[in-house]
Amino acid sequence: SCLAPSVVPSLTASMLDEDYRAAGIKVRDSIRYTMVFTIPCAVGLAALASPVMQLVYGDSSVLAAGIMQSGALMIVLYALSTLTTGILQGLGEMQKPLIHSAVALVLHIIVLVLMLNFSGMNIYSVVYANIFFALVICLLNAWSIRQTIGYRQELIRTFIIPILVSGIMGLAAYGVYRLFALFAGVLVSTIVAILVGMIVYVVLLVKLRGITEREIRGMPKGAYLVYILQRCRIL
């Protein structure tokens, strides 16, 4: 949400200079940063859905955890839809995000009504319809960005590596939680699992070249992060 408005001025400047290559680089980096942060968040909440719901709401029932797991994908899709909306605004396409949202809303209502009446999934229908809503916006925004500057998103480092690494992180976090839950409380077990998951994710992401030193330095406190990673012999 913070990245979307921050990318608008630089994109606007690139478009005024007709520097489509620079605009494409800014789009690529901003989307990559978003995926690097949101994909592990989604996987982590799905893996630790039950203890998280227990800590936040005092409810670790199957339904509560199931809704959390089913809706975790919305973290990625809503972040991406917000970012790509900001990107389109920076590219000077002010009306297209509104049109895309209107189209997605109409389709969302249709899908929601059909799922509630015919799927038998009850409350899960609302979750999946919300996911569908965000997905439609992402696809329409991506198509418009490509039409505007001829940009096509790189897939391996932006999506595949973060998904792969997040999957391993989720398994590690879940395993650590189950181990510590044998002798520690929910709070301690969850905190330890999250910390272990963070370490696993960062190490694997850097080692598999899912993010480079240049990209890390471009983040807030990036130079300090690079220093820490180098001291730990990760980078």
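**Exercises on helix packing and aromatic pairs**

In this predicted model, the axes of helix H2 (residues 20-47) and helix H8 (residues 156-180) come within 9 Å and cross at roughly 25°.

**Exercise 1.** State how H2 is oriented relative to H8, and describe their contact by residue class.

Solution.
- Step 1: The crossing angle is roughly 25°.
- Step 2: Angles under 35 degrees count as roughly parallel, so H2 is roughly parallel to H8.
- Step 3: The crossing of H2 and H8 is right-handed.
- Step 4: On H2, the contacting residues include Ile 31, Met 35 and Ile 39; on H8, Phe 159, Pro 162 and Ile 163 are among them.
- Step 5: Sorted by class, the contact has eleven nonpolar, five polar and two charged residues.

**Exercise 2.** The structure has three aromatic pairs. Classify the pair of Tyr 78 and Phe 133, and locate both residues.

Solution.
- Step 1: The ring centres are 6.4 Å apart and the planes stand at 40°.
- Step 2: Stacked pairs need under 30 degrees and edge-to-face pairs over 60, so this pair is tilted.
- Step 3: Tyr 78 is in helix H5 (residues 73-90) and Phe 133 in helix H7 (residues 123-149), so the pair links distant parts of the chain, 55 residues apart.
- Step 4: Phe 133 counts as buried at 18% relative accessibility, whereas Tyr 78, at 31%, is partly exposed.

**Exercise 3.** Classify the pair of Tyr 124 and Tyr 128.

Solution.
- Step 1: The centres of these rings lie 6.4 Å apart, with planes at 25°, so the pair is stacked.
- Step 2: Both residues lie in helix H7, four residues apart, which is about one turn of the helix.
- Step 3: Tyr 124 is partly exposed at 21%; Tyr 128 is partly exposed at 32%.

Notes:
Residues numbered from 1 in each chain as written. Predicted model: local features only at pLDDT ≥ 70, side-chain atom pairs only at ≥ 80, totals over all residues. Heavy atoms only, no water. Phe/Tyr/Trp six-rings, centres within 6.5 Å; stacked < 30°, edge-to-face > 60°. Helix = DSSP H or I, 4+ residues; strand = E, 2+ residues; numbered from the N terminus. Buried < 20%, exposed > 50% of the residue type's maximum accessible area, 1.4 Å probe, protein only. Axes fitted to C-alpha atoms, helices over the stretch in contact; angles between N-to-C directions. Parallel < 35°, antiparallel > 145°, perpendicular 65-115°, else oblique. Left-handed = near helix turned anticlockwise from the far one by under 90°. Contact = heavy atoms within 4.5 Å. Nonpolar A, V, L, I, M, F, W, Y, C, P; charged D, E, K, R; others polar.
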